[in-house]
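Take a look at the model below.

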Amino acid sequence: RRFTVVWIARPATMVESLTAGLAAWIFILSIAGWFGGIVLTAISFFKTHETIDIWSVILSAILTGYGADFVLRSRSDFSVDDTRDYIKEAIQFRRSAQSRMDLVALIKQRKKQRTPPGAGRDHEALQRARLQTTLSKEKEVDAQLALLREGNAIDMIDVWREQIKNHSPHPFCEKVEEARIEPNRKRFSLIIDFPEFNESQFKDETAVLRFNRQVYDFLQATNSLSWLKIYSPFYESYFLLFRAVRVTNENKELFYPFMKAGIPVSELRKLEGFYFNPRKLSEIAAIAFNYGAPV
């Protein structure tokens, strides 16, 4: 589907054409292998009368039915017809400009036929609203960059929440309560709250290592966010403050910091694409942690 979208937007490069062709062949052979496996299992049952074979055939048939039903009901949302037409081109490894123009015209005609009356006007109004929203966001970004160039810290929490609303690359992203870029200190500060945590959460060494792994994955996910690239010249490190909940003597819940971590952006870039041992988090980051107690 991703190759289809790219291919409709512009002609494919040679590398994209080869990759898409291989992916299309793997997709087709996988489906053929699935149905071939069902047939072979059925034949095996008639020869050996093994109970596991008939149960495998029944389960496979049920899964196939559910899959086919989902595809049929979602064919419009997932552009199944467009992808199917593109696969026919991809398996031939074709890069014909005329063939592409003909197929794109067919896809556009198909979309027009699916569009209900009056939807065009609604679409135009929606496009205008989106354009206005985009312009407003660009003005806001320009204002933020101007403040950063002057050495002023900016609050990023509204931008953060807006950007992760539709796509959150890590569960911690939704727990961020405060986000600030401080150009004078060259750091991006994030406060992350865990209402479900308490002081007994990290008494187990395994739980600590699991949390360290999540911290590292969150840092790498944050460092790879494309919309943050425009702000990257103004910070060289991340500072994370993790907070959990404790109950006071007055029986009130109060957030307290249980971990602080600072790590240079350069360290994260060096480790991109490599396995990371969570035991070594303290070797690449400055960490204050006392097994769930306040720090």
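Which residue forms a salt bridge with E162? The partner is K165, with the closest N and O atoms 3.4 Å apart. A salt bridge here is a side-chain nitrogen of Lys or Arg within 4 Å of a carboxyl oxygen of Asp or Glu. By this rule there are 8 salt bridges.

This is a predicted model, in which local features need pLDDT of at least 70 and side-chain atom pairs count only at pLDDT 80 or more, while totals for chains, interfaces and linings use all residues. Residues are numbered from 1 along each chain as its sequence is written, and side-chain values use heavy atoms, leaving out hydrogens and water.

| Pair | N to O distance |
|---|---|
| K165 and E162 | 3.4 Å |
| E196 and K175 | 3.1 Å |
| R187 and E182 | 2.9 Å |

Now for accessibility. Buried means under 20% relative accessible area, exposed over 50%, and partly exposed in between (1.4 Å probe, protein chains only). K165 is exposed because its value is 57%. E162, at 34%, is partly exposed. R187 is buried at 18%, and E182 is buried at 14%. Shared partners join E182, R185 and R187 into one salt-bridge network.
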